[in-house]
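Colleague: Could you walk me through one part of this model in detail? I would like to hear about the charged side chains and how they pair up.

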Amino acid sequence: MEQIPVLAQDQHNLNEFSVLHSRRAVQELELKDIRTQVEDVVDAKNECELLDEDDVDQIPLIKIGDAFFQVSLDTLTEELEESESKLEKQSEQLDSHMEMDHSRIQELKNLLYAKFHDQINLD
């Protein structure tokens, strides 16, 4: 089997593939974390829906920075909705970046496998 020479462009493509592949693993963990946070916020919102303004002792505290504060049920619900919206937006942006990275990874795989055939393993 003849060994195919690795050119500078090939090395650049391999390096780019490696960076994208590593970043994808980190992004998957971040996405999982964001989705868990969204679930937690939704659960908190559902719990708040079961409460009345009269149940002041039952209204959970809200965390701002390192401190916890008592707020009205309406304020707490608004904060939770805002948090959910921000997290959903982060999730969508991360999904979009992951799709672009995945497309580029596939392009690089096709390019590198076309040149190196079975002499390279990118999986």
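**Charges on and between the helices**

Modeller: Happy to! Helix H2, residues 73-116, gives the most to a negative surface patch, with 4 residues. Keep in mind that this is a predicted model. The patch as a whole is formed by Glu49, Asp52, Glu53, Asp54, Asp55, Asp57, Asp74, Glu78, Glu79 and Glu81. Take Asp52 as one of them: you will find Asp52 in the loop between helix H1 (8-49) and strand S1 (62-64). With a relative accessible area of 46%, Asp52 is partly exposed.

Now for the pairs. The structure holds 9 salt bridges. In one of them, Lys115 joins Asp10, with the closest N and O atoms 2.4 Å apart. Lys115 belongs to helix H2 and Asp10 to helix H1, so this pair ties together parts that lie 105 residues apart in sequence. Lys115 is partly exposed at 25% relative accessibility, whereas Asp10 is buried at 8%.

Glu16 and Arg104 also meet in a salt bridge, at 2.8 Å from N to O. Here, too, distant parts of the chain are linked: Glu16 sits in helix H1 and Arg104 in helix H2, 88 residues apart. Glu16 is partly exposed, at 23%, and Arg104 is partly exposed, at 28%. Together with Glu107, Glu16 and Arg104 are linked in a network of salt bridges.

Finally, look within helix H1. The side chains of Glu28 and Arg24 meet in a salt bridge at 3.7 Å, N to O. These two residues are 4 apart in helix H1, so about one helical turn separates Glu28 from Arg24. Glu28 is partly exposed at 41%, and Arg24 is partly exposed at 22%.

Notes. Residues are numbered from 1 along each chain as its sequence is written. This is a predicted model: local features need pLDDT of at least 70, side-chain atom pairs count only at pLDDT 80 or more; totals for chains, interfaces and linings use all residues. Side-chain values use heavy atoms; hydrogens and water are left out. Patches are made of residues with over 30% relative accessible area and no salt bridge: like charges are joined within 9 Å, nonpolar side chains (Val, Leu, Ile, Met, Phe, Trp, Tyr) within 5 Å. Accessible areas come from the Shrake-Rupley method with a 1.4 Å probe; for residues, only the protein chains shown count as cover. A salt bridge is a side-chain nitrogen of Lys or Arg within 4 Å of a carboxyl oxygen of Asp or Glu. Lys and Arg count as positive and Asp and Glu as negative; His and the chain ends are not counted. The place of a charge is taken as NZ of Lys, CZ of Arg, CG of Asp or CD of Glu. Buried means under 20% relative accessible area, exposed over 50%, partly exposed in between (1.4 Å probe, protein chains only).
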